[in-house]
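Q: I am new to this structure and would like to learn how to read a few of its features. Where should we start?

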Amino acid sequence: MTTTAPPAPAREVLRTVRHARRRRTVLVCTVLVAAVLALAWLSLVWGGRTGDTLDYLAGLLGTGEGGGEFTIGRLRLPRVALAVLVGAALGIAGGIFQSVLGNPLASPDILGVSGGASLAAAFAILGLGLTGAAVGVAAFLGATVVAAAIYLLAWRDGVTGFRFVLIGVAAAFVVNGGIGYLLTRAEVSDVRAALVWMVGSIGTPRWGDVAVLAVALLVLAPFVVGVSWQLRALGLGDEAAAGLGVRVERTRLLALALAVALTAGATAFAGPVAFVAFVSAPIARRLLPTGGTVLGPAALVGAVVVLAAELVATHLVPSLEVPVGIVTGAVGAAYLLWLLATTDRREATS
Amino acid sequence: MTQTLTTGPRRRSAPTRRRLLALGGAVVLLLLVVAASLALGARDIPLGTVLDALTARVPGDNDHNVVLDQRLPRTVVGLLVGCALGLAGTVMQGVTRNPLADPGLLGINAGASLAVVLSITVLGITSPAGYVWFAFAGAAAAMVVVYGIGSMGRSGTTPVKLALVGTALTAGITSVLTLLLLGSTTATNTYRFWAVGSLAGRGSGTGADVLVTLLPFLAVGAVLALLSGRALNLLSMGEDLARGLGLDVRRSRILAVLAAVLLAGGATALAGPVVFVGLVVPHIVRPLTGPDYRWVLAFAAVVGPALLLTADVIGRLVARPGELEVGLVVALVGAPMMIAIVRRARLAGL
């Protein structure tokens, strides 16, 4: 460390390090993609005949008879596709929240943003008697409104991480109170429906749902890529970032807005699947060598988490349809304890 | 062993007289609120009739029945719960040196809720006197988890970290709760009314047994809390200084935490999870008392119940002939106060 190396070997060393890092990143991403594919395949074939799946996929490619149209094409494939999209959206959203707010524990599901979606959806189900897509629209609006409220209330010559986090926590508890109120005023049977929705489940989506979410993600993707570069600069501190030519407050607002849009979109279709946003980015950061913002891998991790949880939820209790959010919630709570117990050495709160 | 730092004639200083006056004012306010709580509701009863009911009950008189069988138990529960939460919040803010500590915010209520639901659904315990113990155990476990994890690492407990750990724990517990509730409609039905936090019907009928069972615990907790004032004063100067001044830091911490668990667990078992009272009360009180915890605690024991009963009366008046649960009213009143605290305070350095 103290010995000054001659310039040429130093450059050599730097290059090897960079190479090693890049190789590690590529390796991690490849493994994650492979995991997504493997889990997706498992979800398609588990509990059915493998032949059906092969037939159906061959049918898609135009080289087979296209058997298994109903089980695979109508039931399982949309489900898998939605799980991947929801996981990716939540993973990215969590990653953005954590790096903008400078806190590894912050995420939309903890800060009342997902709670806003739940409240609005509960109101739609219990108060207005809506079902299906209308609930999703209400959830989207709820998440957006609560997020905007948190942002505005946290604003005082700019938004600092800790103020946003604490006001988000307050919002989460208010929203919980509102949900409790709605639940006590409704029929028990409706309450069950609302509870299932609020815990988050992939359910049986139609291709139309999947397409809407996919298009939304595609539209948002370029912005996410754009903002991720500036987030990396923001990670150096506000002043350093400003020095690098980043317009700090605008970047923060844009990034949070993107994250909220992603959360609201995913929540509209699958409900607030607990803890996916919370765990994905930290896992991704742990897998990669460099640290910093890791939105791409976070998206992959999110997809892996939701797919795996969905598999467990479907096959854990054969007689009962367990909502996926219960699995992610329980796993997430355990992960939280572990994360807190181990990451504190490089603590970066407030 | 304990030397008073102030020497000289034991004459009440001007600030002390002012504080005593303020405390007297607070007690008068509390009495007014109690009177309101007995008189107001779905049907307003004149104060004269209330007094008649209390002193010379006429059996069969409808107004007298309402006052004695419904409003009196409810008011007593409100007094106890408010006092317990106010003291618990103050003690926790002192022990954690964290202006945002609150039994609800830190997940203590959620821990108690989970333990109660587990005891109902898994162990089949139905008598409140039976599951009270689980409420205590759950509250204690949650306190240990949140405080233990939140204080790990170099930076110790920061308000942001504790709040996030508490909220995340609440979120995780909520999804486990949902899993337990989905299996049973009756449990869902019981739980949803308990979970919203209410004083209605909690002190009469079977509730009276709970009240009697809990009373000793709340009393012990309150005494421990009120006696912890000096220790909290010393702890607020920092651990090292407190030790240097002759305080057994570990013992006082354990006693204070024990007080908080008894009070918060008891309050939760009695009224369900009520957030924000413990958070807000010390902040209302401090401008009157200054930082001396002995005074803050004395005031909190009076202002806590006044706040909770006021919220309860408001809840009864705004939605006549129905009512809003006190937990919801407190959340709606408390959240703006928390937001104001967050916006005003320089919490980042804490």
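A: Start with the inside of a helix. This is a predicted model, and in it the buried residues of α12(B) are B:Val277, B:Gly278, B:Leu279, B:Val280, B:Val281, B:Pro282, B:His283, B:Val285 and B:Thr289.

Q: What covers the buried residues of α12(B)?

A: The cover includes four helices of chain B: α1 (14-39), α3 (62-95), α13 (293-318) and α14 (326-344).

Q: How many residues does helix α12 of chain B have, and what span should they give?

A: The helix runs over residues 277-289, which is 13 residues. Just after α12(B), B:Gly290 has a positive phi of about 80°.

Q: Which residues have the most contacts inside the largest nonpolar core?

A: That core holds 242 residues, and those with the most contacts in it are A:Val86, A:Ala121, B:Ala84, B:Leu87, B:Ala260 and B:Leu263. Take B:Leu263 as a case: leaving out residues up to four places away in sequence, B:Leu263 touches B:Ala84, B:Leu87, B:Ala88, B:Leu218, B:Gly221, B:Ala222 and B:Ala225.

Q: How many residues does each chain bring to the contact?

A: The size of an interface is often given as the accessible area lost when the parts come together. Here we count residues: chain A brings 43 residues and chain B brings 46 residues. On the side of chain A, α6 (161-184), α7 (188-199) and α13 (324-342) each give two or more residues. The largest share, 15 residues, is from α6(A). By class, this side of chain A has 27 nonpolar, 9 polar and 7 charged residues.

Key:
Residues are numbered from 1 along each chain as its sequence is written. Chains are lettered from A and ligands numbered from 1 in the order in which they are written. This is a predicted model: local features need pLDDT of at least 70, side-chain atom pairs count only at pLDDT 80 or more; totals for chains, interfaces and linings use all residues. Two residues are in contact if their C-beta atoms, placed from the backbone, lie within 7 Å. Ala, Val, Leu, Ile, Met, Phe, Trp, Tyr, Cys and Pro count as nonpolar, Asp, Glu, Lys and Arg as charged, and the others, Gly among them, as polar. The expected span of a helix is 1.5 Å times one less than its number of residues. A residue is buried if 20 or more other C-beta atoms lie within 10 Å of its own, exposed if 12 or fewer, and partly exposed in between; C-beta atoms are placed from the backbone. A nonpolar core is a set of buried Ala, Val, Leu, Ile, Met, Phe, Trp, Tyr and Cys residues joined through C-beta atoms within 7 Å.
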